[in-house]
Amino acid sequence: MSATSTISVGDNQVDLPIKTGTIGPDVIDIGKLHAKTGMFTFDPGFTSTASCESKITYIDGDAGVLLYRGYPIEQIAEQGDFLETCYLMLFGELPTPAQKADFDYRVTRHTMVHDQMNRFFQGFRRDAHPMAIMVACVGALSAFYHDSTDISDDKQRMIASLRMIAKMPTLAAMAYKYSIGQPFVYPKNDLDYTSNFLRMCFAVPCEEFVVNPIYARALDRIFILHADHEQNASTSTVRLAGSSGANPFACIAAGIACLWGPAHGGANEAALKMLEEIGTPDNVAKYVAKAKDKNDPFRLMGFGHRVYKNYDPRARIMQKTTHEVLSQLGIKDDPLLEVAVQLEQIALKDEYFIEKKLYPNIDFYSGITLKAMGFPTSMFTVLFALARTTGWIAQWAEMIEDPSQKIGRPRQLYIGPDKREYVPIGQRG
Ligand code: CMC
């Protein structure tokens with residue numbers, strides 16, 4: 001007999017099934033709770049709610065573990081590359097060499113965007129935030145690629161998935177080039193995914209451009225680390241948008257909009273701005289005190305996580321990558337890194353942070369690395385969106401392919417006025 005949990009509601013005893021996953025906590029299936037009791041559950045912020053079954057990513061926040069399709073993030077980041085990670089996300093297994101070569105080829109052949117997109121860009125102000133451009137342009141892909149918007153057709157779903165993985169770097173680089181008034185650089189198919197992206201960002205038509213392999217490897221690793229993170233806010237947004245049958249380009253645009261917020265993907269931009277504001281290591285103690293002050297809304301950006309109550313495993317890899325990049329580039333005394341190291345040391349020893357289990361998250365270090373490569377802070381969240389697109393797509397596809405899938409439709413606890421009579425405008429005081 002399968003396990004159940006019994007809850008008491010008034011005089012009623014209600015049995016609810018308990019479901020068990022491969023690893024991780026069991027869940028109480030409350031799907032029939034309303035039918036049996038007339039009550040809903042209440043969980044703002046979904047802190048106790050599993051919204052779906054998934055085979056893609058597993059996090060143990062207490063132990064600091066992150067697995068993609070069962071593989072530890074440390075091993076993938078060390079030995080794999082980003083397109084292999086995309087393959088793993090989409091198909092559930094690591095590719096054979098032949099499958100990898102075929103996948104790389106297919107993604108590479110979708111990197112160009114419809115030429116009309118160039119004109120689409122001209123409508124934006126030059127100082128538009130690149131995330132604003134990304135929300136619009138990715139949504140606009142559904143107007144350019146009608147032939148891959150039928151979600152009931154698995155071939156179209158796959159083409160849409162490949163198109164998004166392939167075109168995100170092109171659009172992201174175009175958003176950057178537009179903001180600095182330089183001509184767009186077309187993709188070059190003999191380069192790998194990440195080198196191609198760096199070239200589209202930093203090459204200019206008037207001179208040869210050689211991709212720095214240190215940057216390419218570090219950025220590829222950053223992409224791997226950001227590829228998926230189970231049911232976070234933007235992924236849940238993509239799933240919710242997709243649950244209504246919306247086309248995949250529109251769903252990913254919704255995910256990008258959600259990611260933009262400073263409590264989510266925007267934290268890497270916010271973390272770097274904070275390090276710049278702190279300026280020198282001797283100011284660190286003052287900012288730590290601000291973060292602890294209940295009457296001050298200031299938070300240490302890049303610290304804390306809803307799920308990790310231990311060191312974020314991505315932060316460990318990112319910290320190592322940051323040091324590697326800076327030392328290989330001969331940047332020894334980066335003031336921001338000094339502030340970051342000092343901040344990390346003080347915060348990790350401080351009772352407030354220890355008690356609340358606030359550890360540095362991935363965004364704490366990624367910004368320093370991206371800045372060293374020459375990316376402006378406004379591009380940081382765009383790079384996160386580029387990488388997370390693969391996770392969003394895999395999660396979206398998993399949902400569409402689930403036969404029990406239905407539209408996401410939470411309920412509420414209504415606390416507004418009780419029923420009352422409408423008063424015509426002429427009779428209102
Ligand atoms: N600095 C100072 N205090 C903090 C911080 C911080 N960065 N984060 C949480 N706290 C405190 C918070 O004030 C609260 O204290 P109290 O219990 O006394 O009211 C307690 O810790 C719990 O915080 P919470 O906001 O209830 O926790 P949450 O799980 O809702 O929030 C978070 C998680 C990531 C939004 C939050 O830690 C935060 O705002 N961090 C800074 C922003 C950031 O770095 N975000 C990136 C997240 S990782 C990237 C991603 O996955 O998108």
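This is a predicted model: local features need pLDDT of at least 70, side-chain atom pairs count only at pLDDT 80 or more; totals for chains, interfaces and linings use all residues.
1. With a relative accessibility of 34%, arginine 106 counts as partly exposed. Its salt-bridge partner is aspartate 102, and the closest N and O atoms of the two are 4.0 Å apart. Aspartate 102 is also partly exposed, at 42% relative accessibility. Both residues belong to helix H4, where they sit 4 residues apart, or about one turn of the helix.

2. Helix H4, which covers residues 97-108, also holds lysine 100. The side chain of lysine 100 forms a salt bridge with that of aspartate 81, at 3.0 Å from N to O. Aspartate 81 is in the loop between helix H2 (73-79) and helix H3 (82-91), so this pair ties together parts that are 19 residues apart in sequence. Aspartate 81, at 28%, is partly exposed.

3. A further salt bridge joins the side chains of glutamate 324 and lysine 320, with 3.9 Å from N to O. These two residues lie in helix H14 (residues 313-328), 4 residues apart, which is about one helical turn. Glutamate 324 is partly exposed, with a relative accessible area of 30%. Lysine 320 is partly exposed too, with a value of 45%. The structure holds 17 salt bridges, and the ones described here are among them.

4. Which residues come nearest to the ligand? There are 19 residues around the ligand, and His264, Lys294, Leu300, Arg306 and Lys356 come nearest. By class, this shell has 8 nonpolar, 6 polar and 5 charged residues.

5. Several side chains place a polar atom by an oxygen atom of the ligand. For histidine 264 the distance is 2.5 Å, and for lysine 294 it is 2.6 Å. Asparagine 361 has a polar side-chain atom 3.0 Å from a ligand oxygen. The ligand taken alone exposes 940 Å², and the protein buries 75% of that area.

6. On the scale of the chain, the protein is divided into domain 1 (2-49) and domain 2 (54-402). The C-alpha centres of the two domains are 35 Å apart.

Key: Residues are numbered from 1 along each chain as its sequence is written. Side-chain values use heavy atoms; hydrogens and water are left out. A residue is near a molecule or strand if one of its heavy atoms lies within 4 Å of it. A polar contact is a pair of N or O atoms within 3.5 Å; within protein, one must be able to donate a hydrogen and the other to accept it, and residues adjacent in sequence count only if both atoms are side-chain atoms. Accessible areas come from the Shrake-Rupley method with a 1.4 Å probe; for residues, only the protein chains shown count as cover. Ala, Val, Leu, Ile, Met, Phe, Trp, Tyr, Cys and Pro count as nonpolar, Asp, Glu, Lys and Arg as charged, and the others, Gly among them, as polar. Domain bounds come from an automatic or database domain assignment. Buried means under 20% relative accessible area, exposed over 50%, partly exposed in between (1.4 Å probe, protein chains only).
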